[in-house]
Amino acid sequence: MTQVSRKIRMGMVGGGQGAFIGAVHRMAAAIDGQIELVCGAFSGSADKSIASGRELFLPADRCYADFAQMLASEAALPADQRMDFVSIVTPNHLHFPVARAALEAGFHVLSDKPATLTLDEALKLQALLEKTGLLYGLTHPYTGYPMVKEARERIARSELGALRKVVVEYPQGWLAEAPAGDNKQAAWRLDPQQSGVSACMGDIGVHAANLAEYVCNAKISEICADLSAFVPGRELDDDGNILLRFNNGAKGVLFSSQVAAGEENAIAIRVYGEKGGLEWHQQEPNSLTLKFNDRPMQILRSGWAGTGDIAAANTRTPAGHPEGYLEAFANLYRNFANLIRARIDGVEPDAVAADMPGIGEAVRGMSFIENTVAASASDQKWHTLPDY
């Protein structure tokens, strides 16, 4: 990848004082030293936004009261000073308004998932990207793990043969009881006005669906869903079980829950083909297990010879040095920065940079969320998942 002689400049919307995911995004963006946070509108409160920016040691004139002010002010700066892209780390209901305004102001966008509050907004975002020609990325960080990429490559090489069975799960336990006190992270996720039509599926189930489609290089074509709200008083789901059919003939199961007491962030996937199977768990992310009927089980480890080029390019440390969530997240930021570099230099991005979730995954994610909710509410067994 040709390198421009400066860092890629990032602005952030959301992620101020008391936020969780904003700090994760900033750490991920900083790991490779290729991206610089230059400005931000970090909160819906002007005072809190400015105070958050000052805590991050940004210049006073780059700490903005709101995202509209930020976009207008950054667009007015000389090209060698203004930000290159906007990182959106707000609750879901603001993802589309901020992305739309950023694109209309001429800035590339990297957004936390889900891309929008509704599928209709996602389709409007897709149309706007086609009109502007700007770059868009979506942070599905579990696809950034080296051994997830290795799993995808081995399936693409038909090492497992024709796929038959996919089992993907994402259990958490942090919402097993009604949150006590002022729990900001729980409050907006359980609020339909901020979260959308789903809590569990919109927050983590969509990650599981994306992981399955990415690893298998296939699309979920039909679903049969059963969602529940186990904690009394909840308007949105906190648990779900979904049967899957894929467009390559494979069938599967997706289980996602935020009331699985004692679980942390145990996203995992197992894929079985006619010749073998594989298994990956985020809580042991450096290992990929391969299974066969005609030879012993094999455990691949990141950092060793024998992994493919894409997995190797997304591995930072020698074998035995654990790499985890932040490094996987950072791979997305690095790849997006390199997409911007390629655009600046007028060259085609390399395969590593191009391996990045974008508007296609954004639309599919929103389609999965809305159609899963609708399928669960219906007496019909199977529902088609449209491919936009």
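Helix H11 covers residues 325-345, and its 21 residues should span 30 Å at 1.5 Å a residue; the C-alpha atoms at its ends are 30 Å apart, which agrees. The expected span is 1.5 Å times one less than the number of residues. Helices (H or I, at least four residues) and strands (E, at least two) are DSSP runs, numbered from the N terminus. The model is predicted: local features need pLDDT of at least 70, side-chain atom pairs count only at pLDDT 80 or more, and totals for chains, interfaces and linings use all residues. Residues are numbered from 1 along each chain as its sequence is written, and side-chain values use heavy atoms, with hydrogens and water left out.

**Helix H11**
- Of the 21 residues of H11, 15 are buried (under 20% relative accessible area, with exposed over 50% and partly exposed in between; 1.4 Å probe, protein chains only).

**The strands around S4**
- Strand S4 (residues 108-112) is largely enclosed by the rest of the structure, because five of its five residues are buried.
- In a regular strand, side chains alternate between the two faces of the sheet.
- Both faces of S4 are covered, with His-108, Leu-110 and Asp-112 buried on one side and Val-109 and Ser-111 buried on the other.
- Strand S3 (residues 85-89) pairs with S4 in the parallel sense over four bridges; two strands pair if DSSP finds at least two bridges between them.
- Ser-111 in S4 is the bridge partner of Ile-88.
- From S3 the chain crosses through helix H4 (residues 95-104) to S4 in a right-handed β-α-β crossover; right-handed means that, with the strands pointing away from the viewer, the path from the first strand over the helix to the second runs clockwise.
- Strand S5 (residues 136-139) runs parallel to S4 and is joined to S4 by four bridges, with Gly-137 in S5 opposite Leu-110.
- A right-handed β-α-β unit is made by S4, helix H5 (residues 119-132) and S5.

**The nine-stranded sheet**
- An open sheet of mixed pairing is formed by nine strands in the order S13-S12-S11-S10-S6-S9-S8-S7-S14.
- At its edges are strand S13 (298-301) and strand S14 (383-384), each of which pairs on one side only.
- Strand S12 (residues 287-291) and S13 are antiparallel and pair over four bridges.
- Leu-288 stands opposite Leu-300 in S13.
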